[in-house]
Amino acid sequence: MTGKLTSFLRNLPASGRIGLTLVVFWLAIALAGPSLAPYSVGAFVDQDVFSGASSRFWLGSDYLGRDVLSRVLWGSRYTVFLALGAAILAVCIGTSFALLAAIRGGWTDEVISRAMDTFISIPSKIFALVLVAAFGSSLPLLLLIATLTYVPGNFRIARALAMNLVALDFVQVARARGEGPVHIALREVLPNMIHPLLADTGLRFVFVVLLLSGLSFLGLGVQPPHADLGSLVRENISGITEGALAIIVPALAIATLTVGANLLIDALKPGGKA
Amino acid sequence: MSAPEKPQSSLAKLVPLIGKRVLSSLLTLFLVSLVIFTVSGLLPGDAAQELLGQSATPEQVASLRHEMGLDRPAHVRYVDWLGGIVRGNAGMSYVANMPVGQIISNRLPNSLTLAGITAVISTVIALTIGISSAINRGGKLDSMLNITTLSLVAMPEFLIATLGVLVFSVKLLWLPSIALVTPDASWGQMLRSMALPVFSLTCVVVAQMARMTRAAVADQLDRPYVEMAKLKGVPFSRIVLFHVMPNAVGPVVNAMALSLSYLMGGAIIVETIFNFPGLASLMVNAVTSRDMPLLQSCAMIFCATYLALMLVADIVAILANPRLRA
Amino acid sequence: MSAPAVEVNGLVIDVTLPDGTRKAIVEDVSFAIPKGEVLALIGESGSGKTTIALAMMGYSRFGARITADTIRVGDMRIDQLNANELPKVRGRRISYIAQSAAAAFNPSRPIMAQVIEPLLVHRLANRKEAEAKAIEIFRSLALPSPETIGRRYPHQVSGGQLQRLMAAMALITDPELVILDEPTTALDVTTQVEVLRTFKAAIAASGATAIYVSHDLAVVAQVADRIVVLKNGRTSEEGTAGQVLEAPSSDYTRSLLAAARPAIRPSADASEDKVLTVSAIEAGYGRITNGKPAIPVLSDVGFALKRGATIGVIGESGSGKSTLARVIAGLLPAAGGEVCLDGEVLPADMADRSREQLRRIQLVFQNADTALNPAHTVGEILSRPLAFYHQLKGGAAAARVAELLDLIRLPRGLETRRSTELSGGQKQRINLARALAAEPDVLLCDEVTSALDTVVGAAILELIDELRRDLGIATVFISHDISTVKAFCDNMLVLYSGTAVELSRQAKFAGAISHPYTRLLVDSVPDMDRTWLAQRAAVERAAMPGASLKNSAGEALCRFLPRCPVAIAGTCDAMPAPLREGEGQAILCHHTLANLSSAGLAEVS
Amino acid sequence: MLIGNNLSRRSVIGAGLAGAGILALGGCGSNEHKAAPKKGGSIRVATQAASTADTLDPAKGSLSTDYVRHFMLYNGLTCIEDESLIPRPSLAKTIESADRITWHFELQRGVRFHDGSELTSEDVVYSLLRHKDPAVASKMATIASQFAEIRADGRYGVVLRLTGANADLPTIMAQPHFLIVRAGQSSPDGTGTGPFRLAKFQAGVRTEVIRNEEYWIPGRPHLERVELIAIPDEVSRVNALLSGDIQLCNAINPRSTRRVEVDPAYAVMATPSALFTDLVMRQDQLPTGNADFVQAVKLMIDRPLIKRALFRNYATIANDQPIAPFQPYFNPDVPQTVLDLDKARWHVQRAGLSGVRLPVFASTAAEGSVDMASILQEYGSKVGLNFAVNRVPADGYWSTHWMRHPMSFGNCNPRPTADLIFSLFFDSKADWNESGWKNERFDRLLIEARGEADEARRGELYGEMQRIVHDKCGVAIPVFISLIDGYDRRLKGLRPVPLGAFMGYRFAEYVWWED
């Protein structure tokens, strides 16, 4: 296992290593961040607002005089876990449907594909607006919205992959042996899609981070006093001309997280190394 | 082996395909309307309540509701609306007291112009970046462009737009910070007021398109026919233009169509920041005011745009590929 | 004697490995070709023959580095040209004919544009002149409708035609050196003969020097003046064609020659009971009406196979050989006819067959690269049928996997490898072992050696032959190579365009009487004899009115009619061919069996 | 600067009613600005909201965009044009009432609509009666239900009889909803008597008006052309101002004022207003119905923090009752509630509510409520109350959440009279009795004050009502929020009118442009 890990690291190009470092860093922050936070996430600790970095507030304070460091540490938890959860869910669901469509073909394929078209063609942010208006904002709902938004995209990719694989001889061999569709899907087809699917999960992860920040722009983000990284940027945006850390830090966090994930994905893609 | 194809016959072969796609598109449109109707049915309140606002008394709401026909059961309203659509009548807006068609015809040209200009610009940029990257695979230019597209991907849309405004409008005073599109504006004014929205949207879509283009072109560059062309002494630029592009155009157009379908309905953030009177904000408005006929029609337009783009992408792929044409 | 037209000295080509070290893939190769002669580069895959050929154009794949004391073509020192000068030489003074024309032609451009491109990019002619010249060459290459064939797209012409069109593309600039990289390997034998003949004539006419890359000694024998035999990037033997073929000096050359001439095996002691009976199969694609599919592939095909016996199914590509295997396996349900196993009629669709029925017929796919799931280890691949058919799990399964590996002569340590880590021959053995794991009664082998090198392929054939003997498995052996079928099979089924034109026992088809099509197949296989191509008379087609395959009464005529050299006017084009049955032989032909003996045919023609 | 003008108001109203019952003559604008206004100029103005529901019908106006548009196109019978908040005659030359039940309006002569027709009593009767028609969906239907009878009295006279005495009618008639439209127009198209004519109107997008050359008040307006748009996004609105795309806008976030003021070409105008965002504690539900709980919550609100952090001091500290210090009838004797966590904790413990978990519903629909909720949550945790902030979208907030949960936030726009705010929000039978409280004495005082002729007595009554609300009502009002407009300094003549942004939405008639 450790041997595999070291050889994996050794084979990773420099950009991939940078990406991996960034991703691991943010994962660690997401896991441990809140316990490192010097202040409670909603505490009004600074008399001033948008103050600069100081020994009390390492990253300054936000528009209400709250500690930016603490808020970013908490915010990255929401962003990373929501995005990761939604990306994994979207890929699992999309790929399941893709396998079903590719193996059953015919009407099943047509109906699933049309249903996916339906979801892809409804603008996701407006869809989110409707859902939040109907059910109120909550973490499960945000997760659901982000998942629903990216299922069709994954479905398209996974279906194309599965279609190519289903046509290959080893699937014919399994069919000729008399294997059932579940075995064919899970044992024959799926293992050969793992790499591109991993890359796609990474890509969806980046998209979800950006979607969440878009949703928080529209006021549909995480419940206060908590905030995901996008909401942090949004709520402090009036400090943009003052160059407030309260907006720069979460924006940088989003950027490093997404760039890191992208670099890692590119490095993982076979032949994807630029 | 098949007989040589006459060019007309290959076009004629597209017709049944288009027919089939239009039929399945109708199915998708129907599904979309059903989803929108169902989901919006979950929304609290209705048009009457929202129209009367905070100050409404229950009697007022009830009477307005009756007048709007909102007191009829949901399925009756849906069938009614569907019947109207089939006859080409999108119905009356509950809120604006105008035919939905008229409201939309005020906004649709704006959205189409914005999407169109962005599509042209971002396609050109994406193709340039994608192709330059692909032919320099592994080179310095490739990694530089890769970093550029990555950084673009990493920026939340609203941040790009806001920074654009701060730099180009507030600091430099070059461009208007809001899109003041009037129907009687000159082309110059129009372009000026669209510059920043187009810039922001281009940043959003171009990265993904460029990356897809790179992948598609790089894939073709590995094909034996490219080696054959090299061995014929064909200059590289000619290989890319005349050999690779006709083959890469299918996947590239597909990726572009996917990205571009975002430009209509996905432009909500850009429309908000630049105060752009487009369809996305109209749809949000329809959600807020519970204006179902308007909401449905907007959703239909977005869906139709997406399907049309996909169809165009498929047709281009077929026209570019004689194998599919036959 | 003037200086040779092409001279290569001390050619070394090396690649950089991921760890930074360099590895030579071609080492110290030297040769010279006199003007107008053809040099053949012979070797198995990985011998570096294509790499050397491409080096003649200063071109290398995968960033390999070419170094040489001299690479001279005419007055050009290829080894001294820079990156700007090389493209001016390529396609103009040295041209290249690739192995697969289907891949080397750009699928989305018309053929004419691609054929004349060398003239245009080198500014040797304007478009009009170029097209005129192309048409002229098309005509000289005996291409059909030379005026219009250029307007077609690559997928709209046949493989043989495409290969000739590529030759046109190579010859259009009147190059000094033409490199032919396995130009006939992908073709059917019957087509190969025609293509070889045109190539030989065209090159001779142009006066160009040529390098012919091939793994097939018999083909090389027909075209080459000199031969260089390569092994692992080194010269194994070099000499004139006659010398190398008739008196090879290296063991390696001798082993290549041996593998090219398979020895005839004795028939197995087949029992009398028929394990597999296939009768009156109709199969194809699309909607089925009245037991006939919309796009028919097979019509009225049948045979019977005894336990432990072998039947060879041969025919050109598109004749329906693989479809027959798929129909027997149930992958493609037949529209009509029956497949019986031990007298029990099997359901047409495999979905309706029982697990036991499925187990008893196993299909071995042609291409082991795609038939083995790259995500699975050898152990997983082999134990799946054990668990599926025999409920073998854990230790018992592991033991059986080890046995199977022994059976196919592979080391036991291979269980943990993935198929991607195996060589082509190893993959094909695993492919075979997977089928054997089911312990089948009938083994369907679909072109199992066509993707392999001759020597490796011969070893696989031997293995199959041994196994079916030892295990008593009846084998359906599908091949396009009649010499292999001749050597291995007890019976032979000849398919032409989906119909069985001949079914015979080994004793018979080795002998004199055969269908005109079978004869054509046999005659098309090149002999090692250097004069074979020259001696073999071009097959003249019968001049028959109309190529319609149905007579006025709507009855199907002999499908071979348009190509038949001995067709009888007024009979063959008027009535369906009758079935002539003789001892252990059935032939669909208007000629009588007596007529169909070689002597009889000679009389007729 | 606006405090203490209740005196002047009292005297005028008193004079108007006790004397001949005639309001001061001269029409709106007797209070002209000193500098000589310049004629001409064209400006673009942005409000914070627009939608497809934008309307040309004054009765349906619901957003500041509508009010601004309607005041440009139409006139009312009266108008309020300065910080004194005294209603002045506009289309009505005189307004008389002996009993505050039957009112007689005498119209200006020679006033013409934009289509050239003359304003007559018929138009006024039609305009006022519309509000009683349910099909019109008037926002003022509740108030219009007080109209018992409206009839013409000759070509230029109108008689309006109320169902009960209401001394505030002249103020009510100054409301944008009661602007006068042409008789017979079931959906008014912008043809009014106002200072501007409609040039272009696109709901949810823009309104363009040009100067009405024949405006009945000589010398007005000064601007040639006004384009009214809406920029809902605050950052965009400020950016548009700073990049010169608009010359005037409202609803600037207090946090943005520094950005505007560092640029010498732009300025902000703060209008102290009685606008407030209040925390509603339903009295008919538990635990919010517990008096100790209500007391505790009022004591744990850090009003200076809210004023400083949320509003950057663009606010006035409030005292849990709706009358602002600068408004008429404000009672300065009610003791100010201040942050006292110990006392709050004592109340929480007495109520036995320590550790109780309670959702608080907040939304951007109620300005500042989300942040107020966060602050409440933070202090709540210090006194043993566990509040969960539930931010819900602005969309549907009023119909779905407001007053529907034990704790939610409300938002109340400035109302022109004390009677209106009390009867709309605090009367126990009021539709928007937010906390659902019941106080019989308060209800009695409200009716008494409405018909009370004696201003001193009226002041006493309103004073006591403020004390009752402060002590007993389940509504906590932390601060009154100032309205902040941003403008290009070349725009002259702008001054705050505490009724709302944009000089009480009526800037267009007064301001001028100096290049």
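The contact, by which I mean heavy atoms within 4.5 Å, takes 43 residues from chain A and 47 residues from chain B. Before I go further, please bear in mind that this is a predicted model, in which local features need pLDDT of at least 70 and side-chain atom pairs count only at pLDDT 80 or more, while totals for chains, interfaces and linings use all residues. Residues are numbered from 1 along each chain as its sequence is written, chains are lettered from A in the order in which they are written, and side-chain values use heavy atoms, with hydrogens and water left out.

Between them, chain A and chain B bury about 3600 Å², of which 77% is on carbon and sulfur atoms; buried area is the accessible area (1.4 Å probe) that two parts lose on being put together, summed over both. The count of salt bridges between the two chains is 1, where the rule asks for a side-chain nitrogen of Lys or Arg within 4 Å of a carboxyl oxygen of Asp or Glu. That salt bridge joins the side chains of A:Lys125 and B:Glu157, at 3.5 Å from N to O. On the side of chain A that touches chain B, at least two residues each come from helix 4 (106-121), helix 5 (124-135), helix 9 (194-217), helix 10 (229-235) and helix 11 (245-268), helices being DSSP runs of H or I, at least four residues long, numbered from the N terminus.

Finally, A:Leu31, which is found in helix 2 of chain A, counts as exposed because its relative accessibility is 57%, the cut-off for exposed being over 50% (1.4 Å probe, protein chains only).

Notes:
Buried means under 20% relative accessible area, exposed over 50%, partly exposed in between (1.4 Å probe, protein chains only).
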